[in-house]
Amino acid sequence: MTQQVEQQHVESPIKQTNSITPTQSDKLLEQLFLIEGMSCAACVAKVEKAIQQVTGVSRVRVNLADNTATVLGGEADQICFAVVNAGYQAELIEDEMSRAARIEQQYQQEIQHKIKQAIVALVTGFALMFAMWFDWLPTYAELGSTQPLMYQIIYLLLSGLVISALYYSGKHFFIRAWTNLRHKTTSMDTLVALGALTSLLLSLLIILFPHTFNQHHLYLDSGLMVVGFVNIGKILESRGKKSATKALSALMDLLPTQTTIIEAGISKTIPTKQVKIGMLVQLQTGDKVPVDGTVQTGELWINEAMLTGESLPVKKGIGDQVTAGTLVSNGGEQIIATQTGRNTTLSQMIHTIDQAQTSKPKLATLVDKVAAIFVPAVLIIALFTLIGWLIAGATFSKAMLAAISVLVISCPCALGLAIPMSIIVGTGQAAKLGMLVKEANGLQQLTQVKRIFFDKTGTLTTGKTTVNAVWQQDPHSFAVAASIEQQMVHPLADAIIQFAQQQQLQTFSIERSEIIAGKGLIATLNGKTWILGSQVFMQEQQIDIAPAQIFIQTHLQQAASLVFLAQDKQLINVFAISDQIKSDAVSALNHLRALGIECVMLTGDNINTANAFAEQLTMTQVIAQATPQIKAEQIQQSVQQMTTAMVGDGVNDAQAFVMADVSIAMGSGAKVSMETADLTLLNTNLMTLINAIKIAKAIFNNIKISLFFAFIYNLILIPVAALGLLNPMWAALAMACSSVTVVLNANRLRYFHT
């Protein structure tokens, strides 16, 4: 089905409602904070709430998986104060490069400290447990009944040892639980602290008031076991988190710390962060390119695997662009720095990945709602467990032990980690495979896509356009056309400019120009009005194209794109511009159709050219002569029917991107498209789109598995603990295992391959 879209639609109100002009929030400063002390989803909610109340903050994203908070707006000092006041620690991270080192340092310190805490708790706990099991300590029957004071002194001294070990190993749980109490909130720390302290308190009551209890078994070891096993779980969890962030750290490691520059003919080495735009940088074989730049002398062979996934080196000559983080495979030449620091392509990639890893898909809404009520619900269940056992005639000790097991076995950590862990590992792996994810919600939408609109030029075609024929040879008008096209960013404009350069023609300075989006330009040169653009644009301007009709029909049948040039209502030139269909386009489209996805081509070309391309691509749905406004309207209509994606690479796609459920930019496209898109393909290979859909599905299948384990674990083991079938030690071990299971499951995505 081929459609020619009538131009009367251009007055649609979409133009106003979907402008991509930056909003006020876009101008706010985005800040990254390292948060210390979070342990579960309830902690995330507390930190988010605290930061949201800071004046000037418009958006907060807190990520449990890498312990960070991304904040839009607000003063850093006030944000840190709010976090500290909520019971946590916050540190402002100045830039993405220092972020990796600081997070690595935090993980290392946390792991080392928790290893010491776990050793103290478990060694003391197991020593007490074995001593009581094998009667190495006097029992109440042996000593307490005859010498109660001596019995109490011995066990109070042991209790002092237990309290010291508990304080060292579990201080962080108790402090945060107390902070929660002061703020009338709860978290995993509340459950662990209550479980450990309740077992200690029960033991102290039995020691001090032995005649009020029917049995005199002590639980001094239980609290230590709880704290020890939870710390072991946190150690394994931290190691898993550390592994999950390796993809981002690997990107940051691509930049050299030192750079050789040339000043006044003398080379010297300076820190990379001191390189400024315009500096002359010397590169040698084996060097990592420190900045974005332009080749100034000779030729370089650059390995761009970090950008495109292709390991074969690419030849770069004078004037060609090189990207920070790429590797010099061969050559020793100089480049001029054009972008440095946070403005390089590599830094923007790192920022985009970081943004994706801290974003939340819609699926997270359910988890946030559950997390908000989880700990209070567990406290109520534990209370009912205690009351139920007492009503059933159990001893106070047995009833209390069952309640403690309920507190300890409940695990909000797994719920809090399920989504962010999978997002961090998955988006990092996607970057390795040539896909840059901007928003996690875009990934979720990609898994549900039923229709994809493709821009033609530069997306389905190579975008390497050339002028292969011109109606009416006139070197002066060629130069005029090239001069006008310099106002545009589009492959067809590039073709005409290159054609003029090949003819060694001098371009002119345009006095005034008006760009008509998706149609062409009206320019003034030497007092004369020139009109350049599509066939439809010529017809709108009432320019007679009949003299070139034979030329037009001939080249339309050859799938050429036509650009018309007129002066004062008279047709001067028609440029026939050819473009090649990508070698993998047909295969990619067949794969998409096999997945049940409709494929539609959107193009500004006229019907004949569009049909010729569609026939070669085996596409049956084509919308021709589509302006940016028309593209947006078509996608808006499709979104109302099914989940819709838009794939493009040019400035003219930005408005359509805003309308789509998920927008995908090709890596060769204009910068505005990549900034607007939910997903950027870092190479021009369309099969990468198929891989993007596969990894998106893999990520969300992984999330569902983690959530399944997290929910099922609690649904099954909380009743088991309430029935008295688990003692606190095994409950703590099971709690640790649940978090570790989620972390290990997420890390499976590191081995995803296409």
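Modeller: Let's start with how a helix is picked out here: helices (H or I, at least four residues) and strands (E, at least two) are DSSP runs, numbered from the N terminus. The expected span of a helix is 1.5 Å times one less than its number of residues. This is a predicted model, where local features need pLDDT of at least 70 and side-chain atom pairs count only at 80 or more, while totals for chains, interfaces and linings use all residues. Residues are numbered from 1 along each chain as its sequence is written, and side-chain values use heavy atoms, with hydrogens and water left out.

Biologist: How do you know that the span of helix α13 agrees with what it should be?

Modeller: Helix α13 covers residues 396-409, and at 1.5 Å a residue its 14 residues should span 20 Å. Its end C-alpha atoms are 20 Å apart, so the two agree.

Biologist: Why is Q445 called buried?

Modeller: Its relative accessible area is 13%, which is under the 20% limit, so buried it is. Q445 lies in helix α15 (residues 440-446). Leaving aside neighbours within four places in sequence, Q445 is in contact (heavy atoms within 4.5 Å) with K362, T643, D661 and V662.

Biologist: What makes E30 and R59 a salt bridge?

Modeller: The rule asks for a side-chain nitrogen of Lys or Arg within 4 Å of a carboxyl oxygen of Asp or Glu. The closest N and O atoms of E30 and R59 are 3.1 Å apart, so the pair qualifies. E30 lies in strand β2 and R59 in strand β3, so the pair ties together parts that are 29 residues apart in sequence.

Biologist: Are those two residues buried or partly exposed?

Modeller: Partly exposed: E30 has 24% relative accessibility, and R59 has 33%.

Biologist: Why does the pair E598 and R451 count as a salt bridge?

Modeller: Their closest N and O atoms are 3.0 Å apart, which is within the 4 Å limit, so the pair counts. The two sit 147 residues apart, E598 in strand β23 and R451 in strand β16. At 28%, E598 is partly exposed, whereas R451, at 12%, counts as buried.

Biologist: How many salt bridges does the whole structure have?

Modeller: A search finds 8.

How values were computed
Buried < 20%, exposed > 50% of the residue type's maximum accessible area, 1.4 Å probe, protein only.
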